[in-house]
Amino acid sequence: MTTAQRQAYIEQMGAFPAELEALVTPLTEDQLEMREGPNEWSVRQIVHHLVDSHLNAMARMKLPLTEDHPTIKTYDQEKWAQLADYKLPIESSLLILKGLHIHFVALLSSLSDEQWTRPLTHPEAGEQVVEDIAQTYAWHGNNHIEQITRALAVGLRK
Ligand code: NI
């Protein structure tokens, strides 16, 4: 992976919280319950999922930076999305993401070439390095922004 690619992922991670906030802050309570299909998450669930996912991402970056070839932990995201905090207003999750992504940018901006390529094992995806985690979560945030946009266009309520 080139330095320019790594820099692009850092910039995407830095820009993500404000892009999400601009999209979801104007939404009504009714719009927060919209989803793009009967078995898809609501906009509210997606916002809260982004917190849980990106908190796990931070652990998935820090473990290989501080341990020798760790195996990272997966979790059942569908079951997490049914827990009580996914019914909360979205403001707390937007605040967490805002702070968390400041940490992502500081952390990723500090990495040496050796650190970018430190290895880890993902139980399902297999062998990865730190830069794969950065790539995955830069994509992940943007992917869910697109999903929210689709959910608002479809407008299905459960
Ligand atoms: Ni996701």
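This is a predicted model: local features need pLDDT of at least 70, side-chain atom pairs count only at pLDDT 80 or more; totals for chains, interfaces and linings use all residues.
I take contact to mean heavy atoms within 4.5 Å.

Residues are numbered from 1 along each chain as its sequence is written, and side-chain values use heavy atoms, with hydrogens and water left out.

**I46.** I looked up I46 and found it in helix α3; helices are DSSP runs of H or I with at least four residues, strands are runs of E with at least two, and both are numbered from the N terminus. I46 has 0% relative accessibility and therefore counts as buried. The classes are buried under 20% relative accessible area, exposed over 50% and partly exposed in between, with a 1.4 Å probe and protein chains only. Leaving out residues up to four places away in sequence, I46 touches W41, H144, Q147 and I148. I also checked I46 against K62, 16 residues along the chain, and got 24 Å between their C-alpha atoms.

**α3 against α7.** I compared α3 (residues 43–66) with α7 (residues 130–154): the angle is about 180° and the axes are 10 Å apart. Axes are lines fitted to C-alpha atoms, for helices over the stretch in contact, and angles run from 0 to 180 degrees between N-to-C directions. The two helices are therefore roughly antiparallel; the label applies over 145 degrees, with under 35 roughly parallel, 65 to 115 roughly perpendicular and the rest oblique. On the α3 side the contact includes I46, H49, S53, R60 and L65, and on the α7 side it includes I133, Y137, H144, Q147 and I148. By class I noted 15 nonpolar, seven polar and one charged residues in this contact. Ala, Val, Leu, Ile, Met, Phe, Trp, Tyr, Cys and Pro count as nonpolar, Asp, Glu, Lys and Arg as charged, and the others, Gly among them, as polar.

**Pockets.** Which residues lie nearest the centre of the largest pocket? They are R60, Q77, H122, E124 and Y137, out of 15 lining residues. A pocket is an open set of points on a 1 Å grid over the protein atoms alone, where a 1.4 Å probe fits, with protein on both sides within 12 Å along at least five of seven lines; lining residues have an atom within 4 Å of a point. I recorded a volume of about 350 Å³ for the largest pocket, a volume being the space filled by probe spheres set on the points, which are joined across faces, edges and corners. α7 gives the most to this lining, with five residues. The lining divides into five nonpolar, eight polar and two charged residues.

The second largest pocket has a volume of about 250 Å³. R35, Q45, A81, Q82 and K158 are the closest to its centre among 15 lining residues. I sorted that lining into four nonpolar, four polar and seven charged.

**R35.** R35 sits in the loop between α2 (29–32) and α3, and at 6% relative accessibility it counts as buried. Its contacts beyond four places in sequence include W41, Q45, A151, G155 and K158.

**H69.** I found H69 in the loop between α3 and α4 (77–80). Its phi is near 50°, a positive value in a residue other than glycine. Most residues other than glycine have a negative phi. H69 is partly exposed, at 34% relative accessible area.
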